[in-house]
Amino acid sequence: MKKIWKSNITGEILFLLGVILLWQILYMIGVDGLGIWKAYAMPSPSGVWNSFTEMIKQGTLLSAMGNSLLRGAIGYILSLMIGGVIGVFMNHFSFLHKNLRPLIMGIQTLPSICWVPFSILWFGLTQTAIIFVVIMGSAFSMAIAVDNAILNVPPIYKKAALTMGADQKQIYWKVIFPASLPELISGMKQGWSFAWRALMSGEVMTTSIGLGQTLMTGRNLADINQVMLVMVVIVVVGIVIDQVIFHNLEKRILRKRGLTI
C-alpha cells in the first residue's frame, strides 16, 4: 500500500515538473525567441518563483493566506450551519421542499460576485461584507446537498426505526444522519469549493488584506508574475484542504462502513 502511495506521489511530482518545464520552454520560445508575447503580459516559472521568494521575505504572502483562511473558515462554518438547517427543514416539510427548493436552486446559479454590491451597501468595506459573500456563495449549495443526502436514504431504514418505536428526533439522529453521512461529506466538499471561490470574489472588491486583494495589487502594479503566483496559491490551498481534511475524512468514514478496501 505504501509502495502504491509513493508511486502515485512520484508520478504526480514528475507530471508537475514536466508541466513547469514545458511552461518555461514555451515562455522562452514565445517571448525571448519569436517575440509573440510581451514579457510583462506572459508569466514565467522563474518570474513566479522570484515573486514567491520576494513576497515570503516581506511576509505579505503568508499574511494574505492567513487572513483568507480565517475568513474562509468562518464563512464556511456559518454556511454549514445555515445550509444544514435549511436543508433539514426542506426535507422535513413538503411545502418547503416543493416551493423553497426551486428558489434556492435558482439563487445558487448566481455567481458569487453578484452578492458583492449588496454586501458593500449593507456592511461597507468590512470583514463582515466578505464573510457575507462567502455565506451567500456556499450556504445554498449546502442546503441542496443536505436535502439530497437525506432523500437518498433508503425508506426501509426509516420504516424499520418506526416499527422499533423511534420518534422523529431519534430517526434523524440515529438513522438518517448516520446513513447519509458519506453523501453529506461530499456535499461539504462541494460547499467548501463554493465558499473558497466566493471568498476570492469578496476579497478582490475590498481593501482587506487577503489573497484576493493581493491578486488585485499585482494587477494594479502590472506584475503578471505576482498575479500568477496568487492564482497558483489559491489553487494549491484549495487542493491541500480538500486532500488533508475532506478526502481523509471521507476515506475514514467509508472504510469504517466497509465500503473501501
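How far apart do the end C-alpha atoms of residues 103-123 lie, and how much of the span is helix?

**View 1. A look at residues 103-123.** This model is predicted, not an experimental structure. Here the end C-alpha atoms sit 25 Å apart, and the span is 71% helix with 0% strand. UniProt, in an unreviewed entry, lists residues 103-123 as a "transmembrane region", and among the others in that record are 12-37 and 73-91.

**View 2. A look at residues 227-246.** This stretch also carries the "transmembrane region" label in the unreviewed UniProt entry. The chain here is 100% helix and 0% strand, with 28 Å between the end C-alpha atoms.

View 3. Side chains of opposite charge can pair when their charged atoms come close. The partners come from distant parts of the chain: E203 belongs to helix α8 (residues 168-204) and R71 to helix α3 (residues 60-92), 132 residues apart. Are these two buried or exposed? E203 has a relative accessible area of 0%, so it counts as buried. R71 is buried too, at 4% relative accessibility.

**View 4. R101 meets D147.** The structure holds two salt bridges, and this view shows the one between R101 and D147, whose closest N and O atoms are 2.6 Å apart. R101 sits in helix α4 (residues 94-108) and D147 in helix α6 (residues 127-151), so the pair ties together parts 46 residues apart in sequence. Both R101 and D147 are buried.

Note on methods: Residues numbered from 1 in each chain as written. Predicted model: local features only at pLDDT ≥ 70, side-chain atom pairs only at ≥ 80, totals over all residues. Heavy atoms only, no water. UniProt positions renumbered as here; feature names shortened; annotations may be inferred. Helix = DSSP H or I, 4+ residues; strand = E, 2+ residues; numbered from the N terminus. Salt bridge = Lys/Arg side-chain N within 4 Å of Asp/Glu carboxyl O. Buried < 20%, exposed > 50% of the residue type's maximum accessible area, 1.4 Å probe, protein only.
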